[in-house]
Number of protein chains: 8
Amino acid sequence: MIFEDMDRIVFAGDSVTDMGSPTPVSEGPWDNNLGDGYVRQVYALLGACYPEIRLRITNSGVSGNTSRDLLERFDRDVLSLNANWVSIMIGINDVWRFYDTPGMADIQVSEEEYGNNLTKMITDLKKQPQLKGIFVMSPVFMDINLEDIMRRKHESYRQVCEKVAKENDTIYIDVQSEINEYLKTRPATFIAPDRVHPNPVGNVLIARAFLDAAGFDYEHRCREING
Amino acid sequence: MIFEDMDRIVFAGDSVTDMGSPTPVSEGPWDNNLGDGYVRQVYALLGACYPEIRLRITNSGVSGNTSRDLLERFDRDVLSLNANWVSIMIGINDVWRFYDTPGMADIQVSEEEYGNNLTKMITDLKKQPQLKGIFVMSPVFMDINLEDIMRRKHESYRQVCEKVAKENDTIYIDVQSEINEYLKTRPATFIAPDRVHPNPVGNVLIARAFLDAAGFDYEHRCREING
Amino acid sequence: MIFEDMDRIVFAGDSVTDMGSPTPVSEGPWDNNLGDGYVRQVYALLGACYPEIRLRITNSGVSGNTSRDLLERFDRDVLSLNANWVSIMIGINDVWRFYDTPGMADIQVSEEEYGNNLTKMITDLKKQPQLKGIFVMSPVFMDINLEDIMRRKHESYRQVCEKVAKENDTIYIDVQSEINEYLKTRPATFIAPDRVHPNPVGNVLIARAFLDAAGFDYEHRCREING
Amino acid sequence: MIFEDMDRIVFAGDSVTDMGSPTPVSEGPWDNNLGDGYVRQVYALLGACYPEIRLRITNSGVSGNTSRDLLERFDRDVLSLNANWVSIMIGINDVWRFYDTPGMADIQVSEEEYGNNLTKMITDLKKQPQLKGIFVMSPVFMDINLEDIMRRKHESYRQVCEKVAKENDTIYIDVQSEINEYLKTRPATFIAPDRVHPNPVGNVLIARAFLDAAGFDYEHRCREING
Amino acid sequence: MIFEDMDRIVFAGDSVTDMGSPTPVSEGPWDNNLGDGYVRQVYALLGACYPEIRLRITNSGVSGNTSRDLLERFDRDVLSLNANWVSIMIGINDVWRFYDTPGMADIQVSEEEYGNNLTKMITDLKKQPQLKGIFVMSPVFMDINLEDIMRRKHESYRQVCEKVAKENDTIYIDVQSEINEYLKTRPATFIAPDRVHPNPVGNVLIARAFLDAAGFDYEHRCREING
Amino acid sequence: MIFEDMDRIVFAGDSVTDMGSPTPVSEGPWDNNLGDGYVRQVYALLGACYPEIRLRITNSGVSGNTSRDLLERFDRDVLSLNANWVSIMIGINDVWRFYDTPGMADIQVSEEEYGNNLTKMITDLKKQPQLKGIFVMSPVFMDINLEDIMRRKHESYRQVCEKVAKENDTIYIDVQSEINEYLKTRPATFIAPDRVHPNPVGNVLIARAFLDAAGFDYEHRCREING
Amino acid sequence: MIFEDMDRIVFAGDSVTDMGSPTPVSEGPWDNNLGDGYVRQVYALLGACYPEIRLRITNSGVSGNTSRDLLERFDRDVLSLNANWVSIMIGINDVWRFYDTPGMADIQVSEEEYGNNLTKMITDLKKQPQLKGIFVMSPVFMDINLEDIMRRKHESYRQVCEKVAKENDTIYIDVQSEINEYLKTRPATFIAPDRVHPNPVGNVLIARAFLDAAGFDYEHRCREING
Amino acid sequence: MIFEDMDRIVFAGDSVTDMGSPTPVSEGPWDNNLGDGYVRQVYALLGACYPEIRLRITNSGVSGNTSRDLLERFDRDVLSLNANWVSIMIGINDVWRFYDTPGMADIQVSEEEYGNNLTKMITDLKKQPQLKGIFVMSPVFMDINLEDIMRRKHESYRQVCEKVAKENDTIYIDVQSEINEYLKTRPATFIAPDRVHPNPVGNVLIARAFLDAAGFDYEHRCREING
């Protein structure tokens, strides 16, 4: 697996990352410090399967954040933590604001700005010597209907996300594709009633996509225990 | 307008009707007695535009109800109220349970049973001498994508609803069509974030569909005030 | 209709405007951000009937505000928002404080000061280039008995309000007259138990008075949908 | 004064009597057991001025009660208490329901029924051997404008109340007249914002009207202390 | 009566004055702004009996205050209010701290300091031109047993209070004597379970002592109404 | 010490015993199951000093109970528990009701009835074969002034308590004497602000009186640990 | 995998199973219906990895239950659900009560009774025709020190559990062994602060032990998605 | 006994000291100001047995504190209080963080730093002229199994604590030994379910260890009362 003993991993994002954790930054196994979403799921699966690797996992998600909001707090809430690994999952609100508050132009983020915001975060991260790698998770809108106006715009942003991630040599995780595959069998209502905020099943799907990219092996403990 | 002074109107349904009102049955302008949905909107528009017509409006919606659940409480919560008008809006949960809890066969309602449940309610209502009319509002799933698996099943049930309503000479209100038209301009996220529970805009859309069917005239007071 | 795509409308006022919204300024379709009064009603009716026009609607009402209080926060809570349309409904507390706290001279606002406060707000607004128009809604005391001491004083202030509004070429909305007409049919207890704070019916009455002045057409969508 | 050592006094009524006390019946100096209205005021003034007379004062008010509601619970909540004195203040809701819920005919109480209900209560009380006297307090609507439709109907009921009270030899207390006199100086907003539920000043006015009828002497303790 | 139209009266003190009102300073008939003690009782009796005299009554009591605490906040919470009348009731906590926290020397106030603190407050008040008079109410410990160690120390402080009040030509109100007389008939448990914090009966006793000193006439309205 | 391994001890009483424990009967070290008074103190001291003796300690106190109330629930809440030891501390409310609610004759318990109630409880307990002993703790009023009217009546009842306890061969614990001695050094305000409900210091005083009667040795563990 | 489409799985147990879910029985993906423990983890992993298999998962855990408590409610809360698979994890409280409440003999469950209770549950389940299999999960005390008195007694009970499970041909899951292995690397404080109630990591460990026994394949979806 | 009249004693520590008291510093017999742990127990036992000695006892415990955290706030929360006696009980969190959050290196405190932190606190205290003595209580992990990895590390830290305490001539209290002795008879579950936070029995054990070191005599009052 990609993570090493005493590595620190910071998850930056919006409400999908935050999921009720204390904002803006929190960590630790107590209370609901990691939130009730994929971050806690990642923490729990890693902790259960790799007891010999000590990791520090931090939730830096804030509900409602667009990429512009995240960029504004990036110094304080991400860079200053000196993480070894940073995972960024942002963008759904950049798109959403065009549709739930179409009259509020100044909180909508254009595709171009979205790309620039992402690029700026990655560039700043790369300057940090302790950094071992950056994950960029695609924002997810849990609908496979590309005729849906919001899903279509989302797909555009997702492509920007993928392009920026790949051009900057980060580890791009196409969560949307994973979800698209899943939605061929079960509809969104089974994993995220409002198509954005995942329930426990949706959280495992996102966590698994992340862990796959990190070389996680669910069977790992067997070797430890029998070895 | 179709309603006369001292008429009683009962709205039976699920959470879309209930919208936080005390369950199972409640009424009156106090507190949140009519809930925060289309029922209160109907009450407020009628009260504002037709002050000379005294109406009693009752919310008999219960969150989570399928047509089976509503039928089970129909005697106690609808028939016993001896209403002059009854409006029924039911069915979304009959469909939904196939998708959010696919493993729970015994709370899913088949298309056939749905039709029978609706028919039984209408038949029982028609035996009441004080009854002046029955409204049947189509259940609504706020998506226009007929390739969506849940939307497609919903459309089937809606057709059953329309068929039963028309064969039994009730006033059928095709709320789904109204919403479909609307969704050509704005996506569901603007009127119902989870595509089922309306926000204030969605509530007006449903209330307006109902009021249109009742011959409501928004300009009505002008004649009163100027006359 | 008077409003155009992407216009911003700010409603400034007291508790009749605020109605439980987060203070001092809030907006958006989430939670109770627009309050539970006429502002949300305006938002919902416009949103339902004119989906093609994107509007930003902001609640800048604060409970207990007199015109003096509103003037003090006008820069921060109204002017700084750079609205295209501002609606002001203020004055009932200017009058009320003479009657519920007759001994507190320094929170009572004289008729003269009331006029000056209103004039100052309008004058400042008119300097803003983006502004398209100002609505001045008369404060309302839901009583038709002009022998009532408080109603009589209120009538004086309302006349000041009308005079200032008209002399400054704003759109004056005589909500009091609308209510007076209504009260010929139903008493205040049906629309505002304490004759100041409206219930759902009262909110529609105020919203309708506002929308009438804005050229709102409740039937509007018909053309859209059928066209 | 009319009350003697170890007398029990029961106050029956609606929300004006109840004022937040535990329902349906409560007593004692603890917590808010007597409610926050005129009953506690009566208790406190009698306790302060007549320490030598031990009295048991019971609040049997229930919010929202009409005379019909009170009659239905009269056996359980009043007669069974075997009081020496009973005070009845009921009727405002009998009138109010015609105006806040004009469509709900079956919770409105006609003038005739109101008289009958009152008469029945008094007749039943008079059969009790321990009873020393009955107070009938007029229901109060804190408005002096007899052209107000609700105030006018209220006046009719008040006259029925007075007639029944006097024909049955009870102690009739014309609280409405006391309030009318007061309203010549200060408007209702100073004593009861919604013209029905009194604030602390309004509570003293009602308590004082009651105590006057009971021969209460505010200066009483002087003789005790100096004697 | 001593008070004139538009006079302002400020009540400074500890928890006996505060009685749950918002701290440090609050006023107005709304909510619990005057607290649930003698200040509200004074407000209500004056309002009911003297409607023609408009008064502003302010509660400046803070729970737990000693005379030292009150002196520290006297500028901000009393002098700055520019009252016409100030009533001070302080000292019970100066004594109490010797008995409930005997080890905390630095929050205990000596008799000498108590006298100085009181003198300083009165001296500062007297410099204000708008001031019409100062009431000094004795602190009260509701026990008549002078052999009780705390009651005995309290009596000493009360004498200091009386001496300071009289030497400075304030209106001294011997509330302790009033209570002592009362306790000859009923024990403390009837008016103040912990012998310090009054219940409704105790509040009337203190309010009455204050009102007597102000020339209050409970029968006053008779002349108004009949005159 | 008097208690043996696996003995069950039940504490019956009023609020001094209850102290916030779940009513009517509760036990166990979790939450606040033993209340926050002397019962928990007894449990904790026994548990700490005698780990080798397993005891079951049950709180059967109910706030506000007089001896009459306790007798009424004695079968259900005490006898049915088949305790080896029962401790009864009751009577303060029998006396108190004469003073805080002097007008409520039917909840006051006469000295004679008090004696009879106590006797009945003891007699019933003595019929139980598993019973090893009964403790009767005197009710306590934390005042040494026998001229205080309530303290004097209390002393009478305490003597009845002592007489009944001794005539029936129970273990009488004169808690009042312990408190009286203590009050020579510190006033009641240090151990029980309202002279009835103890604070932590007061709780230790009562617990210690009980434990002394049971032969408790605070030093006990020394022998265990060193032995 | 062992589970088939439309199977129902019921998890019976104590607080480790319940983990805050509504008691006694609850299910569904809403709110916290499955609790915050291993049951939700099992639901989420199965849902994410096997979308094509619809399962009904029910939490029938109740905090504090011993095997005796579970047996008493087994008819109502387990058998009546007609599950295809039942998993039982019970016994930690049978042991615990000897140590946290050593004096309460009647809520402690002997080793012999524990075995009988388990046997009875299994025997009753086996009579049900729809049943496909029974899982028996060993109770877990998260300590590897067999010299710990409670851990030692627990080990005895665990052996009884294993023996009963195996003699009755159920699927025995030795969760304790899994935990023991884990504790070689990380101490209990990392997975269950009080050694009984798991945190998120502990929940995954238990869920994984269960899923292993059911032939769960974490990589499963790969074949689905790529196939 | 070691304490003298008017001495002030400050207890500094972590959650074992804090136990729900207001943070960071609080005192007084009101509410839960001393927390619900050993500090309140010490206060209550001293108050009950030594009424003639007035003491000021302050809780300066803060949940989660390591020795580093305590040192950081030592000036503000301990030194500035100018106590006569200071008791320090710190260190369990220094150890714990290695095991519940093994990945968070920067909140773990090494053995060396722990010793230095303790030394610094003691050195600073010794400079204060009013100081009469310092108690150092060993941190406690309620387990006797030295093979437990966390217990073993804890034992190392405890030895550092003892060494520093003794080299600096403070009064060292070996609470761990007291607990170890106790655990020979009852397991940790009886006194501290998670082996760190004591229940009422555990609190008495810690309080008793402290009081023993202070020369406390539980029988003390006898001489006072009889003398």
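This is a predicted model: local features need pLDDT of at least 70, side-chain atom pairs count only at pLDDT 80 or more; totals for chains, interfaces and linings use all residues.
Visitor: What area is buried between chain C and chain B?
Guide: About 3000 Å². Carbon and sulfur atoms give 58% of that area. Buried area is the accessible area (1.4 Å probe) that two parts lose on being put together, summed over both.

Visitor: Why is the pair Asp36(C) and Arg40(B) called a salt bridge?
Guide: The rule asks for a side-chain nitrogen of Lys or Arg within 4 Å of a carboxyl oxygen of Asp or Glu. The closest N and O atoms of Asp36(C) and Arg40(B) are 3.1 Å apart, so the pair qualifies. Side chains of opposite charge can pair when their charged atoms come close. Across the interface of chain C and chain B, the rule finds two salt bridges. Over all chains the count is 192 salt bridges.

Visitor: Where do the two partners sit?
Guide: Arg40(B) is in helix H2 of chain B, and Asp36(C) is in the loop between S2 and H2 of chain C. Helices (H or I, at least four residues) and strands (E, at least two) are DSSP runs, numbered from the N terminus.

Visitor: How many residue pairs are in polar contact across the interface of chain C and chain B?
Guide: Six, with both residues at pLDDT 80 or more. A polar contact is a pair of N or O atoms within 3.5 Å; within protein, one must be able to donate a hydrogen and the other to accept it, and residues adjacent in sequence count only if both atoms are side-chain atoms.

Visitor: What makes up the contact between chain A and chain B?
Guide: 16 residues of chain A touch 16 residues of chain B. The buried area is about 1400 Å², with 56% from carbon and sulfur atoms. Within chain A, Pro187(A), Thr189(A) and Arg195(A) lose the most area to chain B, together 31% of what that side buries.

Visitor: What makes Arg195(B) and Asp143(A) a salt bridge?
Guide: Their N to O distance is 3.8 Å. That is within 4 Å, so the pair passes the rule. Between chain A and chain B the count is two salt bridges. Two residue pairs are in polar contact there, both residues at pLDDT 80 or more. Helix H5 (92-100) and helix H7 (149-167) of chain A each give two or more residues to the side that touches chain B. H5(A) gives the most, with three residues. That side of chain A divides into nine nonpolar, two polar and five charged residues.

Visitor: How do you know that chain A and chain D do not touch?
Guide: Their nearest C-alpha atoms are 36 Å apart. No contact joins chain B and chain F either, with the closest C-alpha atoms 30 Å apart.

Visitor: At what angle do H5(G) and H7(G) cross?
Guide: Roughly 150°, with the axes of H5 (residues 92-100) and H7 (residues 149-167) coming within 10 Å. Axes are lines fitted to C-alpha atoms, for helices over the stretch in contact, and angles run from 0 to 180 degrees between N-to-C directions. In H5(G), residues including Trp96(G) and Phe98(G) meet residues of H7(G), among them Met150(G) and Tyr157(G). This contact has eight nonpolar, one polar and two charged residues.

Visitor: Why is the bond from Thr23(C) to Pro24(C) worth a look?
Guide: Most residues other than glycine have a negative phi, and most peptide bonds are trans. The bond from Thr23(C) to Pro24(C) is cis, with omega near 0°. Pro24(C) lies in the loop between helix H1 (15-18) and strand S2 (26-27) of chain C. Thr23(D) and Pro24(D) are also joined by a cis peptide bond, with omega about -5°.

Visitor: Where is Asp31(B)?
Guide: Asp31(B) is in the loop between strand S2 (26-27) and helix H2 (38-49) of chain B. Its phi is near 45°, a positive value in a residue other than glycine.

Note on methods:
Residues are numbered from 1 along each chain as its sequence is written. Chains are lettered from A and ligands numbered from 1 in the order in which they are written. Side-chain values use heavy atoms; hydrogens and water are left out. Contact means heavy atoms within 4.5 Å. Ala, Val, Leu, Ile, Met, Phe, Trp, Tyr, Cys and Pro count as nonpolar, Asp, Glu, Lys and Arg as charged, and the others, Gly among them, as polar.
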